[in-house]
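Dear colleague,

I am passing on the structure we spoke about, with the sequence alongside. Please look through both before reading the notes that follow.

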Amino acid sequence: MNAFKLTTNMSPKGDQISSIAKLVKNINQGEKSQVLLGATGTGKTFTIANVIEKIQQNTLVIVHNKTLAAQLYSEFKELFKNNHVEYFVSYFDFYQPEAYIPRSDTYIEKSALVNQEIEMLRLSSINSLASNEPTIIVASVAAIYASVAPSDFEMYRIVLSKNMERNLKQLQYDLVRLQYQRNNIDLKPGTFRLRGDVLEIAPGYTDTFTIRISFFGSKIEEIALIDALTGQVKEKWDTYVIVPASEYIMNRNRWKESMELIKKELDERIIYFKKNNKLLEAQRIQERTLHDVEALEELGYCNGIENYSRHLELRQAGSTPYTLFDYFKSSGWLLVIDESHMTIPQIKGMYNTDRSRKETLVEYGFRLPSALDNRPLNFDEFQSKIDKVIYVSATPNEWEIKRSNDTVVEQIVRPTGLVDPLIEIHSAKYQVDDLVIELKKQIAKKERAFVTVLTIKMAENLTDFLRKHKFKVMYMHNELKTLERAKIINDLRRGKYDVIVGINLLREGLDVPEVSLVAVFDADKPGFFRSDKALIQTFGRAARNINGRVILYADHQTDAMKIAISETNRRREIQIKYNAKHHISPQTIVKPIFDDITSKDDAKTIEAYFKNNKVNFKKTSKAVNILKKEMLQAAHNQEYERAAFLRDAIIELEGKIK
């Protein structure tokens, strides 16, 4: 078992030093909940990594979307090269949940596209925790959704040892029971093949190696780990544990009882519908459920099997489903909620959203009431699972602060010495004309700008207006794919554009050091994007440049503006004093501009693959392989934003192939 050990030459700087000390001290003194208020660009991830190394406890990091999760996963993977760093997000590239719309009598069948690589990474996460290895898991809010029971996962494992007597035929049967499939041609994750007295197994959680078990008669002669690419022996083991090939394992010992419970609930539901004169619903639930039961009894699987999880696991009605949290010990682990101001509200809303959809399905006879127990954790259940938690955000909500009894650790000073931008207020009456003047100043300094507006129409009109006045401008909207967004950002940095106009410029991947001006139109209008927290996040877009400044176009100061300006000025004062005390001269961040993501095979951008309806399968597959190599190289070089973009490119392309 390898203890957590940072594998980097970097050392804490600025406020990171005091933040690490305070967070660790609070944990050691028994604090269950605390907030890390970290300004944009202060290195909050590195701070958390140092905390993990010092407290030596398994850690779950939850963030509100896949892109940020991928970026954090790459960062932690680089910081802890010799430890288990895992990735646990939804394994659907595309997911349309089952639903019914009564007003139009429309039934929408579940449709999903599973990403096998992510499914493999999820399984690796569970296996690392079940194996009691020191583990860091970076997850999306998918972590609160139902997963396999730990007892089932641990029960269905096969322990093999050198010189052990083992019937080869029975071993193959046991592998099938663990969801492995025999494949003598293509040994991919979750398969096995037999060649004479040699059994080769490809574990479900990795595609980098296979396990070769050599028999002499019925005795295991050798257990070897084989490099999947070269076929060479990498290691030899005396003992090896084979874990299930997939995350969901069916416990056959309770199969008969589970089927009886499903049929019993069906009978009760039919009686209920007939008693309430809902004959159509009675017929519907009978036909659908009996069809599923028949498939389960014949094949061990049916479409929508997760809706019967309560009976298949013999859980009580309304009981808490098993999740990833159940693989962490009840004490001695750390939960980190990144971007908590966004992640906590998302976690709170998951349960009600899921239940509302399923209640309609139950009411109209599409599902049995037990389907309601296939669900995410509600917020009370989520909180009950937590041992120790750190809420991380540049703008934490009052809920996180109160939950932590005002235990707030501030990380305001950046290792680079950069300070928060200056805030200016200009009249909104002539905001377009004033912007033109300010943009000309930017161009003269060879610096760039972001402009954020409130509506799509305004964004389109402003973009057209600026183009007519010979400005190099681009409108960034929510329909742009990740790769298109990345290309626009790169073009801005190169100077192809002087300014980007958008509605939501708070999103990740917009840390552009060439941007020294952020202009906020109609800053005094109410709404989410003009709240104090949203404004502070927006100000951070100008915090990578020594000349960073923000112009708020407003005719009066709202409470949100006053709070955001006051907080930004407070942080500036702290940062300036620190720099003066330590004789630090801040410099604009120097960051390389990466080439646009391309296929070296034919030098066409990935966008061309998306626009071309007749995608060449072979060329696209080749592009995916190239992108995977580039993604790993980007992560190795600590080019985390590029690695995240590449990961999205791979997901989109693989979805196109399927």
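At what angle do helix 16 and helix 17 pack, and how far apart are their axes? Please bear in mind throughout that this is a predicted model. Helix 16, which covers residues 532-539, packs against helix 17, residues 559-581, at an angle of about 45°, and the two axes are 8 Å apart. Angles under 35 degrees would count as roughly parallel and those from 65 to 115 as roughly perpendicular, so helix 16 and helix 17 are oblique to each other. The crossing in which helix 16 passes helix 17 is right-handed. On the helix 16 side the contact involves D532, L535, I536 and F539, and these meet A560, M561, I563, A564, I565, E567, T568 and R571 of helix 17. Sorted by class, the residues in this contact between helix 16 and helix 17 are eight nonpolar, one polar and three charged.

Helix 1 (residues 16-28) and helix 2 (residues 44-55) have axes that come within 9 Å and cross at roughly 40°, which makes helix 1 oblique to helix 2. This crossing of helix 1 and helix 2 is right-handed. Helix 1 contributes Q16, S19, I20, L23, V24 and I27 to the contact, while helix 2 contributes F46, T47, N50, V51, K54 and I55. Here the contact of helix 1 with helix 2 comprises seven nonpolar residues, four polar ones and one charged one.

Is V336 buried or exposed? Its relative accessibility is 2%, and because the cut-off for buried is under 20%, V336 counts as buried. Once its neighbours within four places in sequence are set aside, V336 is in contact with I48, T59, L60, V61, I62, I390 and V392.

Finally, some values for the protein chain as a whole. The chain has 20 helices and 27 strands, and buried residues make up 54% of its 658 residues. Among contacts with a separation of 6 or more, 74% are between residues 24 or more positions apart. The accessible surface of the chain comes to about 30,500 Å², with 50% of that belonging to carbon and sulfur atoms.

Technical notes. Residues are numbered from 1 along each chain as its sequence is written. This is a predicted model: local features need pLDDT of at least 70, side-chain atom pairs count only at pLDDT 80 or more; totals for chains, interfaces and linings use all residues. Side-chain values use heavy atoms; hydrogens and water are left out. Helices (H or I, at least four residues) and strands (E, at least two) are DSSP runs, numbered from the N terminus. Buried means under 20% relative accessible area, exposed over 50%, partly exposed in between (1.4 Å probe, protein chains only). Contact means heavy atoms within 4.5 Å. Accessible areas come from the Shrake-Rupley method with a 1.4 Å probe; for residues, only the protein chains shown count as cover. Axes are lines fitted to C-alpha atoms, for helices over the stretch in contact, and angles run from 0 to 180 degrees between N-to-C directions. Angles under 35 degrees count as roughly parallel, over 145 as roughly antiparallel, 65 to 115 as roughly perpendicular and the rest as oblique. A crossing is left-handed if the near helix is turned anticlockwise from the far one by less than a right angle, and right-handed if clockwise. Ala, Val, Leu, Ile, Met, Phe, Trp, Tyr, Cys and Pro count as nonpolar, Asp, Glu, Lys and Arg as charged, and the others, Gly among them, as polar.
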